Amino acid sequence: MLTVSIAGANVQPVFATGEETALTEEVNEASGAEQLSAAAETDTEEASDPEPEDRANSWRYVDGEPITGTAKARASRAFEQYTTWPTDVPGAVGFGIDVSEHQGEIDWAKAKAAGVEFAIVRCGYGQNEAGQDDKYWTVNADACEKNGIPFGTYLYSYADTVAKARSEAQHVLRLIDGYDLDYPIYYDLEENSIRNKLSETQIADIAEAFCDTIEAAGYEAAIYSNTDWFTNYLTDSRFDQWDKWVAQYNTTCTYTGDYSMWQCSSKGRIDGISGNVDLNVDLGAALDAHFIPGANGFHASPANGNWYYYKDGAIQYGLEDVIKGTVDGTYAWWHVSNGKVVYDTTVAKNSKGWWYIENGKVNFDANTVARNSKGWWVIRAGKVDFDYNGFAENENGWWYCEDGKVQFGTNDVIKGTVNGTNAWWYVVGGEVTFTETVAKNSKGWWRIVDGKVDFNCNSVEKNHLGWWYIRGGKVDFSYTGVAKNSKGWWRIVNGKVDFNYNGFAENSKGWWYCRGGKVQFDTNSVIKGTVDGTRAWWHVVGGEVTFDNTVAKNSNGWWHIQKGKVDFNSNTVAKNSNGWWVIRNGKVNFRFNGIASNSNGSWLCQKGKVNFNYNGTYTYGGRSYTIRGGKVV
């Protein structure tokens with residue numbers, strides 16, 4: 001880093017107006033930017049919620065517009081400003097401008113011809129919303145590339161939380177995608193509303209969140225502000241790690257810290273640009289502060305202490321590689337991104353293959369599944385095994401891989417070895433799922449227990465689609481009948497429980513009465529339905545059709561059962577465990593009192609039931625009968 005003062009510069013600045021020359025002596029004692037900041041604080045009411053509109057309020061802006069109001073104009077003209085670049089600034093390596101949509105249409109060919117050697121182009125402001133993109137970002141960035149003008153970018157920050165700062169970083173990364181930046185990404189910290197409500201530590205937290213996100217993406221981050229902010233607010237030690245772009249509109253920059261760029265004027269006049277434009281002097285740190293004469297290999301930058309890969313003294317920006325060498329006393333293979341050693345955990349490549357990076361260096365002992373932006377990869381002895389097909393493990397679980405890559409699109413039942421067990425495993429989104437369900441592959445549907453097919457399963461089991469009849473671990477779609485599990489017996493149609501079924505269903509053990517698809521084992525009745533192709537009223541005991549000969553009841557009465565079903569043509573005396581009963585048209589006639597017959601004889605019946613205790617004479621139908629033990633003799 002260079003600590004720069006140009007108090008001795010012999011460039012003749014141009015005063016904005018002659019009437020303010022009397023202010024020169026007072027102005028030379030302090031930076032014009034500081035005076036302007038103070039003026040802005042006195043007669044500008046700060047916006048409490050600046051987003052989503054571009055309502056910047058700082059030493060440069062009022063409600064998002066460059067200062068033009070009367071009081072602000074007087075403040076802005078109360079110091080000397082250059083209209084073109086000073087040419088004798090010690091350490092200067094380039095002269096450029098910074099622009100935004102406020103400059104409108106720019107003829108960049110004319111600007112380059114007028115001496116513009118680089119540009120810092122605003123990409124937007126605030127969080128990652130398309131409505132907060134700078135309207136001229138793409139136009140200006142494309143023009144810089146077309147005209148061969150090296151450029152960087154900046155974003156005006158409104159972030160008052162770490163989360164918003166990360167969103168602002170994503171805002172920049174979205175817009176710079178596809179562009180090759182020559183200068184850093186500057187974080188513009190100058191919003192009064194933020195400074196007035198946050199502590200120095202909180203502001204540093206926000207800057208760190210933004211810069212870490214930018215650097216993690218492989219770009220260089222830096223900070224823009226004025227001398228007042230850098231001296232009084234951006235004082236946390238974390239700001240020492242980033243290059244600084246200092247604004248002070250005067251003949252000298254009085255900031256005493258290290259910085260790489262000086263914004264020396266807001267009153268520049270450049271051919272190709274209508275109106276004023278900011279002038280900047282590159283002091284070399286942006287591109288050259290990291291230079292170490294003769295350095296090759298890994299070295300810590302004298303500018304920020306970070307480790308980079310050098311060739312002939314210069315950082316090899318743009319280099320993406322895994323390189324062997326010593327970094328901070330440790331000899332290893334190191335991950336280099338954009339020339340910088342990145343202490344990340346990822347998968348990165350070099351000419352010898354793809355490697356598992358842990359804390360910035362290859363871990364040759366790793367046997368795991370690890371990720372980078374292109375996917376998750378099987379690692380064997382620290383290297384991606386592109387020949388690997390099967391299951392592989394990391395701390396998050398077991399994964400199905402093809403050609404060394406996790407197949408997140410795979411939902412299947414796949415054969416292989418997981419945790420030492422060779423089986424058929426249930427894979428969802430590429431991951432072995434240790435659950436209980438019924439899942440499919442090209443060979444059928446299978447009962448899954450603890451993640452693998454249970455070929456010993458003969459039951460009725462469920463998944464999110466229903467309950468299924470499993471035979472030998474596989475759904476038997478050909479089966480229609482009754483099958484059981486721990487919850488009961490179920491009506492199966494084409495391998496699936498039919499929960500809408502009410503009636504009789506068959507399996508090898510008999511015919512069963514079902515309601516809601518389930519065998520009703522607590523049902524004892526005479527029920528109408530179809531059994532073995534015959535529609536009748538059937539005798540059901542414990543849910544099963546009995547095919548017996550008896551007298552059984554339902555809610556409508558007691559009935560003569562012949563071979564399991566009601567015989568409505570029956571007129572006889574028939575028995576059950578409770579006695580012998582008079583049957584008329586298949587039903588017990590409880591009103592019958594008299595003599596009734598069956599194949600075994602004639603019987604005295606009272607209230608429809610044979611009275612086996614009667615001994616004597618009984619008259620019925622005008623005739624007398626001798627009764628012994630209820631039977632006519």
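Below, we go through the structure by question and answer.

Modeller: A quick note to start: this is a predicted model, where local features need pLDDT of at least 70, side-chain atom pairs count only at pLDDT 80 or more, and totals for chains, interfaces and linings use all residues. Residues are numbered from 1 along each chain as its sequence is written, and side-chain values use heavy atoms, with hydrogens and water left out.

Biologist: How many helices and strands does the chain have?
Modeller: We take these from DSSP runs, numbered from the N terminus: helices are H or I with at least four residues, and strands are E with at least two. Counted that way, the chain has 10 helices and 55 strands.

Biologist: What percentage of the residues in the chain is buried?
Modeller: Buried means under 20% relative accessible area, exposed means over 50%, and partly exposed is in between, using a 1.4 Å probe and protein chains only. The chain has 633 residues, and the buried part of them comes to 52%.

Biologist: At what angle do α6 and α8 pack?
Modeller: Two packed helices are described by the angle between their axes and the distance between the axes. Here an axis is a line fitted to C-alpha atoms, for helices over the stretch in contact, and angles run from 0 to 180 degrees between N-to-C directions. Helix α6 covers residues 162–176 and helix α8 covers residues 200–216. Their axes are 8 Å apart, and the angle is about 35°.

Biologist: By class, which residues make the contact of α6 with α8?
Modeller: Contact means heavy atoms within 4.5 Å. Among the residues involved are Val162, Ala165 and Leu173 of α6, along with Ile206, Ala209 and Phe210 of α8. For the classes, Ala, Val, Leu, Ile, Met, Phe, Trp, Tyr, Cys and Pro count as nonpolar, Asp, Glu, Lys and Arg as charged, and the others, Gly among them, as polar. That gives nine nonpolar, two polar and three charged residues.

Biologist: Which element gives the largest share of the lining of the largest pocket?
Modeller: On a 1 Å grid over the protein atoms alone, a pocket is an open set of points with protein on both sides within 12 Å along at least five of seven lines, a cavity is a set where a 1.4 Å probe fits but cannot get out, and lining residues have an atom within 4 Å of a point. The largest pocket holds about 890 Å³, where grid points are joined across faces, edges and corners and a volume is the space filled by probe spheres set on the points. Of its 33 lining residues, the closest to the centre are Ala217, Gly218, Glu320, Ser337 and Asn338. The largest share, four residues, comes from β17.

Biologist: What is the volume of the largest cavity?
Modeller: The structure holds two cavities of 30 Å³ or more. Glu215, Tyr219, Glu220, Tyr308 and Lys340 are the closest to the centre of the largest cavity, out of 19 lining residues. Its volume is about 170 Å³.

Biologist: And which helix supplies the largest share of the lining of the second largest cavity?
Modeller: The second largest cavity has a volume of about 70 Å³. Its lining includes Ile203, Ile206, Ala207 and Trp229. The largest share, three residues, comes from α8.

Biologist: What is the phi of Asp312?
Modeller: Most residues other than glycine have a negative phi. Asp312 sits in the loop between β12 and β13 and is exposed, with a relative accessible area of 56%. Its phi is positive, near 50°.

Biologist: Is Lys563 buried or exposed?
Modeller: Lys563 lies in the loop between β45 and β46, and its phi is positive too, about 55°. Because its relative accessibility is 62%, Lys563 counts as exposed.

Biologist: Why does His560 count as buried?
Modeller: His560 is found in strand β45. The residues it touches include Thr550, Val566 and Ile583, leaving out those up to four places away in sequence. His560 counts as buried because its relative accessibility is 6%.
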